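Please brief me on this structure. I want the helix packing, the charged pairs, the surface and the backbone.

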Amino acid sequence: MITFIIGLVILFVGAAVYGAICEKVFGPDDRQTPAYSKQDGVDYVPMPKWKNMLINLLNIAGTGPIFGPIQGILFGPIAFITIPIGNIIGGAMHDYFSGMICLRDGGSQMSSMIHKYSNKGIYRIYNVFVCLLLLLVGAVFIYTPGDIAATGIFGFDGAATSVSTWVIYGAIFVYYLIATVFPIDAIIGKIYPIFGAILLFSAVGVFAGLFVKGYPLLNLWDNWQAPAFAAFQTAADGSTAAFSYGEYFANGHFLPVFFVTVACGILSGFHSTQTAIISRTVKSEKEGRMTFYNMMVLEGFIAMVWAGAAMGIFNAGLQAANAGATSTVIKVCKDILGPVGGVIALVGIVVLPITSGDTALRSLRLSVSESLHIDQSSKAKRLGLSAIIFALVAVILVFAKSSPSGFNTLWRYFAWSNQTLSLFAFLGISVWMFENSKAKWVWIPLIPAAWYTFVTVTYIANAQIGFHIPWTPAYIIGVCAAVAYVGIVVWYGKKRAARLQKL
């Protein structure tokens, strides 16, 4: 438990220090924000600070900070340290600068930010990449909350052949369509405070339950293979065997697999598409640190809670380590909070992906319309574009549910593309710094950018969904890619800065 507490101290103290540094580097001021200068009653709408914070948290916190840590904690207690450090210098920084640059540039979407701070080739690649990712997000965030609701709340079997499964999917689908088409304060702004209250209940409830239940958590200095910390798994014949965190760490390729698995609690490229939406509703630039940076830190807290809860329930022998994330979520909620509280907590967990999926598809509509200059001034025009987007999501969803390996394939591509997308944002942030006389601070985005270039390139080079290259050459390729990324960004940023000085 001590390592878990140390991790939380790192998260909150580190966030206070590093968040202040990021805010100082950006330099928020009192200029009029797009919420006022471009107010249109649909996407550009001034909203209270607390509401922007809550909406942004719910937008970015899908099933990633729950499912990812449950799988990532199998690598052992090192997760309690890597999650907070990565969150502070990677994810929260990424979210803050992405949101603030879009805010200062008139509430632009990420596609416009990439277009402004890169070249046409990268811009085109980004547009294709972000559209594919947001389609995957939409499908994943119908699938996962639908299955949790079906099996954990309503007691259905969640099978692809069951009518109840598709009725639940359909209900989520209809909500997404409504939230995508109508003004942001008409649906999202009204219902999110309720969702937020449920979310906080589930997160705080599970956190408190870790201490009340006395779940045994492993420390860094403990023997990771000791029987006292044996998470039992059920074999095919029904027998049980001790699960070894140490063995899993040694054989599981912690680098890069852990950092792809635990995405949203540490870093998520998807978040930049969501902070861009909120950049259109913020009343003052000085609200940015709380709205963007600190909400990502809060998501890191959620990831820490679920990493701890998963390890605790495994070590207590109440759940097999290989039982699956959905089953573990249901078991944790009901064991810690009881039947009624457990159901309420599960509702909060269902809320997380739903409140990310709706704005993912809204962001996709905005990005497509902005890139292709499609008028979205009327409900009919927004509905027409949304219909095409939702038809594509439906196709992906049917494949994922109907195919035996469909969801696993979908999740792997989603996780990898999610991290890879962040590299575009880090590029834009770095070039923005060069252009705005902040070159001495460019290490802030380049450190996590180099790390995640290594992680994503190494992963896809080796993975079954990638190029099947053996680990040793895959690592070499990843290191070379990271060095090349930093070198090219610095060269390009200096070139852009020099060009501006001549004008």
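**Briefing**

Arg 496 counts as buried, because its relative accessibility is 11% and buried means under 20% relative accessible area, exposed over 50%, partly exposed in between (1.4 Å probe, protein chains only). Glu 435 forms a salt bridge with Arg 496, with the closest N and O atoms 2.7 Å apart. A salt bridge here is a side-chain nitrogen of Lys or Arg within 4 Å of a carboxyl oxygen of Asp or Glu. This is a predicted model, in which local features need pLDDT of at least 70 and side-chain atom pairs count only at pLDDT 80 or more, while totals for chains, interfaces and linings use all residues. Residues are numbered from 1 along each chain as its sequence is written, and side-chain values use heavy atoms, with hydrogens and water left out.

**Salt bridges**

- Side chains of opposite charge can pair when their charged atoms come close.
- The structure holds 11 salt bridges.
- Helices (H or I, at least four residues) and strands (E, at least two) are DSSP runs, numbered from the N terminus.
- Arg 365 is buried, with a relative accessible area of 0%. Asp 43 also counts as buried, at 10% relative accessibility.
- Asp 375 and Lys 381 meet in a salt bridge between their side chains, at 2.5 Å from N to O. Asp 375 is partly exposed, with a relative accessible area of 39%. Lys 381 is partly exposed too, with 40%.
- Glu 435 forms its salt bridge with Arg 496. Glu 435 lies in helix 16 and Arg 496 in helix 18 (residues 471-502), so the pair ties together parts that are 61 residues apart in sequence.

**Helix packing**

- Two packed helices are described by the angle between their axes and the distance between the axes. Axes are lines fitted to C-alpha atoms, for helices over the stretch in contact, and angles run from 0 to 180 degrees between N-to-C directions.
- Helix 5 (residues 79-104) packs with helix 16 (residues 406-435) at an angle of about 60 degrees, and their axes are 10 Å apart. Helix 5 and helix 16 are therefore oblique to each other. Angles under 35 degrees count as roughly parallel, over 145 as roughly antiparallel, 65 to 115 as roughly perpendicular and the rest as oblique.
- Helix 5 passes helix 16 in a left-handed crossing. A crossing is left-handed if the near helix is turned anticlockwise from the far one by less than a right angle, and right-handed if clockwise.
- Helix 7 (residues 120-153) packs with helix 16 at about 140 degrees, with the axes 9 Å apart. Helix 7 and helix 16 are therefore oblique to each other. Their crossing is left-handed.

**Surface**

- Ile 5, Val 9, Val 13, Val 17 and Phe 211 form a nonpolar patch on the surface. Together they have about 420 Å² of accessible area. Patches are made of residues with over 30% relative accessible area and no salt bridge, with like charges joined within 9 Å and nonpolar side chains (Val, Leu, Ile, Met, Phe, Trp, Tyr) within 5 Å.
- Helix 1 (residues 2-26) gives the most to the nonpolar patch, with four residues. Ile 5 lies in helix 1 and counts as partly exposed, at 38% relative accessibility.
- Lys 331 is found in helix 14 (residues 325-372). Lys 331 counts as partly exposed, at 35% relative accessibility. The C-alpha atoms of Lys 331 and Gln 319 are separated by 7.4 Å, and these residues are 12 apart along the chain.

**Backbone**

- Most residues other than glycine have a negative phi, and most peptide bonds are trans.
- Leu 255 and Pro 256 are joined by a cis peptide bond, with omega about 10 degrees. Pro 256 is in helix 11 (residues 254-261).
- Ser 437 has a positive phi, near 55 degrees, and is not a glycine. Ser 437 lies in the loop between helix 16 and helix 17 (443-462). At 72% relative accessibility, Ser 437 counts as exposed.
- His 468 has a positive phi of about 60 degrees. His 468 lies in the loop between helix 17 and helix 18 and is partly exposed, with a relative accessible area of 46%.

Methods. Areas by Shrake-Rupley, 256 points an atom, 1.4 Å probe, with all protein chains shown as cover.
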